[in-house]
Amino acid sequence: MRKFSGDTLLVATHNAGKLEEIVTLLEPYGIKVVGAAEMQLGEPDETETTFVGNARIKAHAAAQATGLPSLSDDSGIEIDALGGAPGVYTADWAETETGRDFVMAMVKAHDRILGVGAAQPWTARFCCTLVLAWPDGHDEVFPGTIDGKIVWPMRGTHGHGYDPIFQPNGYDVTFGEMDGSEKNKVSHRADAFAKLVKGCFD
């Protein structure tokens with residue numbers, strides 16, 4: 001496992017919420033974190049059908065473009081009643097001509113669950129795969145998950161994406177109702193991050 005030895009890490013995302021989570025998680029290590037927008041990077045086409053495949057595309061493209069070690073994350077929600085959908089297409093379900101509308105995406109998910117007549121609980125999980133890539137082409141991969149269920153109606157205004165309809169196992173609140181610091185301790189990204197930190201930073 002290769003250790004991170006630089007002082008600047010590029011996070012290959014244009015998602016401000018995701019970048020903020022990663023900055024917070026890396027704060028204790030005194031590493032300067034820059035985002036893709038700050039480096040004026042475009043978004044490569046995500047042509048793979050797995051989280052790890054898409055995370056690799058983003059991490060390697062950013063590392064090649066900047067010469068910096070680059071961390072990317074591909075994440076999404078898998079709903080068992082929908083055969084694991086939306087999965088890698090989690091953000092695509094929110095796309096509109098004027099940007100992403102996650103309320104629309106959550107309504108779509110709920111409508112499809114009702115459409116297949118699935119009995120409750122509607123089990124689901126958030127998945128996150130982190131890939132840390134170096135400019136020489138080397139990478140390390142760290143998957144993380146958190147299991148829970150889909151609830152309706154939406155609850156809470158915190159977080160981002162599908163957080164208001166996901167209630168993690170062992171909790172009576174959704175991610176949307178959780179304080180950000182609490183979510184960051186238990187989320188799929190936290191699970192992947194713990195593995196990343198142990199592998200590359202500690």
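Here, contact means heavy atoms within 4.5 Å. Please keep in mind that the model in these views is predicted.

**View 1. Asp 191 and its partners from elsewhere in the chain.** Asp 191 sits in helix 5. Setting aside neighbours within four places in sequence, Asp 191 is in contact with Pro 143, Gly 144 and Thr 145. Asp 191 is partly exposed, with a relative accessible area of 25%.

**View 2. Helix 1 crossing helix 5.** Here helix 1 (residues 16–26) meets helix 5 (residues 188–201): their axes come within 11 Å and cross at roughly 45°. That angle makes helix 1 oblique to helix 5, and the crossing is right-handed. On the helix 1 side you will find Lys 18, Glu 21, Ile 22, Leu 25 and Leu 26, which meet Arg 189, Phe 193 and Phe 201 of helix 5. These contact residues divide into five nonpolar, three charged and no polar.

**View 3. A salt bridge between Asp 139 and Arg 56.** The two side chains meet at 2.8 Å, N to O. Asp 139 belongs to strand 7 and Arg 56 to helix 2, so the pair ties together parts that are 83 residues apart in sequence. Asp 139 counts as buried at 15% relative accessibility, whereas Arg 56 is partly exposed at 36%.

**View 4. Salt bridges around Arg 125.** Arg 125 pairs with Glu 78, with the closest N and O atoms 3.5 Å apart, and also with Asp 147 at 3.1 Å, N to O. Salt bridges with shared partners join Glu 78, Asp 80, Arg 125 and Asp 147 into one network. Arg 125 counts as buried, at 18% relative accessibility, while Asp 147 is partly exposed at 37%.

Notes: Residues numbered from 1 in each chain as written. Predicted model: local features only at pLDDT ≥ 70, side-chain atom pairs only at ≥ 80, totals over all residues. Heavy atoms only, no water. Axes fitted to C-alpha atoms, helices over the stretch in contact; angles between N-to-C directions. Helix = DSSP H or I, 4+ residues; strand = E, 2+ residues; numbered from the N terminus. Parallel < 35°, antiparallel > 145°, perpendicular 65-115°, else oblique. Left-handed = near helix turned anticlockwise from the far one by under 90°. Nonpolar A, V, L, I, M, F, W, Y, C, P; charged D, E, K, R; others polar. Buried < 20%, exposed > 50% of the residue type's maximum accessible area, 1.4 Å probe, protein only. Salt bridge = Lys/Arg side-chain N within 4 Å of Asp/Glu carboxyl O.
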